[in-house]
Every structure is written in C-alpha cells, then in structure tokens.
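These are my notes on a ligand site and its surroundings. I set down what I looked up, entry by entry.

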Amino acid sequence: MLTLNNVSVDIAGIPVLRSLTVALKSGATYAVLGRNGAGKTTLLRTLMGFTALRSGEIALAGQDLRSQPPYARAALGVGYAPEERVLFPTMTVLENLRLPCEAIGMADAEIATRVAEVLKIVPQMGDMLARSAAALSGGQGKMAALARALMVGTRLVMVDEPFQGLAPALARQYAEALSRMVELRPELCMVITESNRALLDRVRCTTLTLERGELSVAPAAADLAASH
Ligand SMILES: Nc1ncnc2c1ncn2[C@@H]1O[C@H](COP(=O)(O)OP(=O)(O)O)[C@@H](O)[C@H]1O
Ligand SMILES: [Mg+2]
C-alpha cells in the first residue's frame, strides 16, 4: 500500500534517513521504534511531504507521492498527528477537526459524516467539540490531534509518539481509540512511532526499528525468545 524505495533524507546537509526500503500493507499497524534523534519524526514528515527527499521513491497505492505537496497527500487519504499536537488555540475543537477537510475542499455534508464517524472512534471528543482548543489538557489535545488525523486519514494514519507524556488513564483511552480505529477502518494502514517500546504493550503491531537513520524489521518476540 505504502512503499518506500531507497529513501534518503538529509537535514541541513546531514544524512538523517539512509536508504529506507519497506512495503507497508493496508489493514496493518506498524510501530517504528527508535531512540530520540533516530529520525522518527523526519520519517513521518517525509511521508507527509514536509521534508524533501535526497533520493529514492515513495508511492501510495501505486501512485508516486514525490511530486504531491502535503495537502494533496491529505486528499489521497493520509492523516498525520504530529508529536507537538499543533491545534489552533483560537479555534474550537470542531473547527480544528474540520480544518484539514476544508483545506482540501471537501463538501460540508461529507465533513459532517466524517465527524460522526470519528466520534465513534474517539467518543471523548463529543463533549469537547464546542470548546476552545486552548482549553484542552495536553492529553485531551493528543486525542483531538488523533481525531483530526482521522478526518482525512482514510488510507494511512501516522501518529508521532502518541503515548509520550500521557497519564495512564489517558494512555488507556488512547490505546482503546486505536483499537476502535482498526475495527472500524479495517483497510487502514497505521504507523505509530515510539521511543519507549513498553508504551506499545497495548497495541497489536508489527515492529520496525529505526536506528541511526536505518530501518529494519524487528525480530518477532518468538525469535527473540529462541535466541536466548
Ligand atoms: N530542523 C532541524 N534542523 C537540524 N537538525 C534536525 C532538525 N530536525 C531534526 N534534526 C536532526 O535530525 C535527526 C533526527 O531527528 P528526528 O527525526 O526529530 O528524530 P526523532 O523523532 O526520532 O527523535 C536528529 O539528529 C536531529 O538532531
Ligand atoms: Mg520525534
């Protein structure tokens, strides 16, 4: 569904992603694990189109993404919840949810349908729609950022270190929302980054490891056990 072929990215002249080659399937959840500075955020920003490639190819469902700016990728069904949640504080939560859809010219009726669908996945947002985004706590803001990514992310949803800094109760709610997302959108491809593997205990996923800008498929738990 999403294929990367020899993708390399430099930031300020320094190689950050080195020749990544991977094929991600629809209907699957992937965790990208790597310590701080490994390049996780750079990878998601590259997939969203915020960072230029030095070389390589990226395709979504066979379509070359390289010439597509971020809004065009959103229109193709790619949603992104950045690590810094970046809600617009002067707008309500509902306005924040509608924004990426309005930016790609979606009709009002379709936006309303999507809001209703997203509320099935993140029901906590229901009571908060009319509130100013500035009034949300950090954890609530992360839930809202997930909801916003889901508004356009019908094929691919990427969330950057979602569990970082979440209180245990909110982390549980967030993980429950991710499970509902898998249930309600079985065709979705989801990419979650984390620096702390333990935070992903509640999420069923295939693990990829990003180390010094190189991506590898982590051995399955059974293989690890066998090697000890
Ligand atoms: N805007 C930037 N300017 C300079 N270096 C950057 C910038 N953004 C990221 N980097 C560098 O790129 C590398 C990868 O960063 P990042 O993708 O944020 O890693 P992670 O999300 O895994 O912590 C780091 O070495 C970081 O210092
Ligand atoms: Mg990061």
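Predicted model: local features only at pLDDT ≥ 70, side-chain atom pairs only at ≥ 80, totals over all residues.

The residues are Ile11, Val16, Arg35, Asn36, Gly37, Ala38, Gly39, Lys40, Thr41 and Thr42.

Which element gives the most to this shell? I note that α1 does, with three residues.

I then looked up polar contacts to oxygen atoms of ligand 1. A polar side-chain atom of lysine 40 lies 2.8 Å from one such oxygen, and for a polar side-chain atom of threonine 41 the distance to an oxygen of the ligand is also 2.8 Å. Alanine 38 takes part through a polar backbone atom, 3.2 Å from a ligand oxygen. Of the 560 Å² of accessible area that ligand 1 has on its own, the protein covers 53%.

Next I examined helix α1, residues 40-48. Seven of its nine residues are buried, and I record the helix as mostly covered. Those buried are Lys40, Thr42, Leu43, Leu44, Thr46, Leu47 and Met48. Glycine 49 follows α1 and has a positive phi, near 100 degrees.

My last entry concerns glycine 39, which I place in the loop between β3 (28-33) and α1. Is glycine 39 buried or exposed? I count glycine 39 as buried because its relative accessibility is 7%, and the cut-off for buried is under 20%. Leaving out residues up to four places away in sequence, glycine 39 touches Val16, Leu17 and Leu210. Its C-alpha atom is separated by 7.4 Å from that of arginine 212, 173 residues apart along the chain.

Technical notes: Residues numbered from 1 in each chain as written. Chains lettered and ligands numbered in written order. Heavy atoms only, no water. Buried < 20%, exposed > 50% of the residue type's maximum accessible area, 1.4 Å probe, protein only. Helix = DSSP H or I, 4+ residues; strand = E, 2+ residues; numbered from the N terminus. Contact = heavy atoms within 4.5 Å. Near = heavy atom within 4 Å. Polar contact = N/O pair within 3.5 Å; in protein donor to acceptor, adjacent residues only side chain to side chain. Areas by Shrake-Rupley, 256 points an atom, 1.4 Å probe, with all protein chains shown as cover.
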